[in-house]
Amino acid sequence: MVSKRFVAKRLLLLIPVLFGVATLVFAILHLAPGNPARVIAGQRATEEAVRQIENQLGLNDPIYVQYGRFLVDAAQFEFGNSFVIDKDSSVQQLLQTRIPVTLELALYGQIIGILLGIPLGVISAVKQDSLTDHFTRIGALTGISVPIFWSGPLLILLLAQQYDVFPTGRRISPLFSTPEPITGLLTIDTLLYGQYDAFFSAVHHLILPACVIGIYSMALLSRMMRSSMLEVVRQDYIRTARAKGQGVKITLMKHGFKNALIPVITVIGIQFGTLLGGAVLTETVFSLNGIGTLLVEAIEVGDYPVVQGTVLTFAFLFTLVNLGVDITYSYLDPRIEQ
């Protein structure tokens with residue numbers, strides 16, 4: 001059982017982390033060349049029009065005033081309206097429509113990585129130096145070495161263009177209308193509405209990009225699980241359990257697996273941030289309108305409020321996942337709380 005004190009302590013630690021990220025984002029955007037007022041007014045606008053926009057946005061205020069205003073707005077998750085991408089929409093609205101796409105992609109990629117990587121790591125450790133072990137290690141090394149910008153187009157060419165097994169470029173077949181969002185996650189919403197055909201279509205469209213982003217996760221978890229399991233099976237308590245006549249499978253699953261899982265869970269949490277970063281590339285390759293493509297587009301056109309909102313959202317999601325990892329870690333090994 002995880003204590004409330006431990007959870008509260010971890011929650012309080014999120015504040016300086018998010019404060020640091022917000023400060024870094026503000027500093028980078030203000031040190032970068034370019035004038036947001038010029039971006040809004042257009043390159044052919046007069047200097048008077050640019051000055052007027054600067055006054056409206058408060059860009060002429062002292063830097064500490066702008067910084068304080070930015071922190072207050074960021075604490076309320078209020079980043080104003082988009083300058084360029086969609087001037088009629090607030091950053092919040094843009095993020096609300098894009099975040100579910102990225103989250104769904106990262107979650108399914110993580111699930112694929114966990115479901116395949118952990119069992120493969122355990123099997124590889126149990127059958128150390130066997131043909132299965134060598135095959136798994138080569139597969140894991142290949143998965144880590146292959147970048148997404150290469151594996152994505154390759155799988156599209158092979159499985160979408162050549163054999164037409166999986167569709168690309170959409171989240172669901174055009175035969176189905178997108179349901180009114182409840183969670184924003186298309187696979188969940190179609191299930192909640194009881195639209196099972198639409199659900200299978202959404203899953204079918206998601207498999208290829210999720211596999212691309214999950215390959216790296218699977219490879220890393222497999223290697224991590226193998227090394228952790230090998231270390232655990234050499235411990236005295238495992239040998240003691242075996243000496244008492246306990247079967248190999250029961251000893252490994254009852255005593256070894258749980259302890260070997262602790263460092264792997266830490267990697268899963270850290271890796272979620274990598275998956276979010278990888279989603280930027282995956283969304284670009286598969287033409288998915290997630291938060292990653294939104295960030296790239298905002299940087300290209302200099303839409304500063306969208307950049308700020310997107311980066312802070314990434315940071316917030318990452319810290320939340322790591323909070324969940326800390327709690328799980330504490331559940332598996334209560335000594336962590338001390």
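By class, eight nonpolar, eight polar and three charged residues make up the lining of the second largest pocket. This is a predicted model, and the tour starts at that site.

**Stop 1: the second largest pocket.** Its volume is about 340 Å³. Select Thr97, Val101, Arg171, Thr178 and Gly184: of the 19 lining residues, these are the closest to the centre of the second largest pocket. Now colour α5 (91-126) and α8 (186-192), the elements that give two or more residues to this lining. Of these, α5 gives the most, with four residues.

**Stop 2: the largest pocket.** Move on to the largest pocket, which holds about 640 Å³ of space. Pick out Leu57, Leu59, Phe83, Pro305 and Gln308, the closest to its centre among the 22 residues that line it. Then show α1 (4-31), α4 (63-75) and α13 (304-332), each of which gives two or more residues to the lining of the largest pocket. The largest share, four residues, comes from α4. Colour the lining of the largest pocket by class, and you get 11 nonpolar, seven polar and four charged residues.

**Stop 3: Ser228.** Select helix α9 (residues 196-233) and find Ser228 in it. Is Ser228 buried or exposed? Ser228 is buried, because its relative accessible area is 7%, and buried means under 20%. Next, show the contacts of Ser228. Leaving aside residues up to four places away in sequence, Ser228 touches Ala260 and Pro263.

Conventions. Residues numbered from 1 in each chain as written. Predicted model: local features only at pLDDT ≥ 70, side-chain atom pairs only at ≥ 80, totals over all residues. Heavy atoms only, no water. Buried < 20%, exposed > 50% of the residue type's maximum accessible area, 1.4 Å probe, protein only. Contact = heavy atoms within 4.5 Å. 1 Å grid on protein atoms, 1.4 Å probe; cavity = no way out; pocket = protein on both sides within 12 Å on 5 of 7 lines; lining within 4 Å. Points joined across faces, edges and corners; volume = space filled by probe spheres on them. Nonpolar A, V, L, I, M, F, W, Y, C, P; charged D, E, K, R; others polar.
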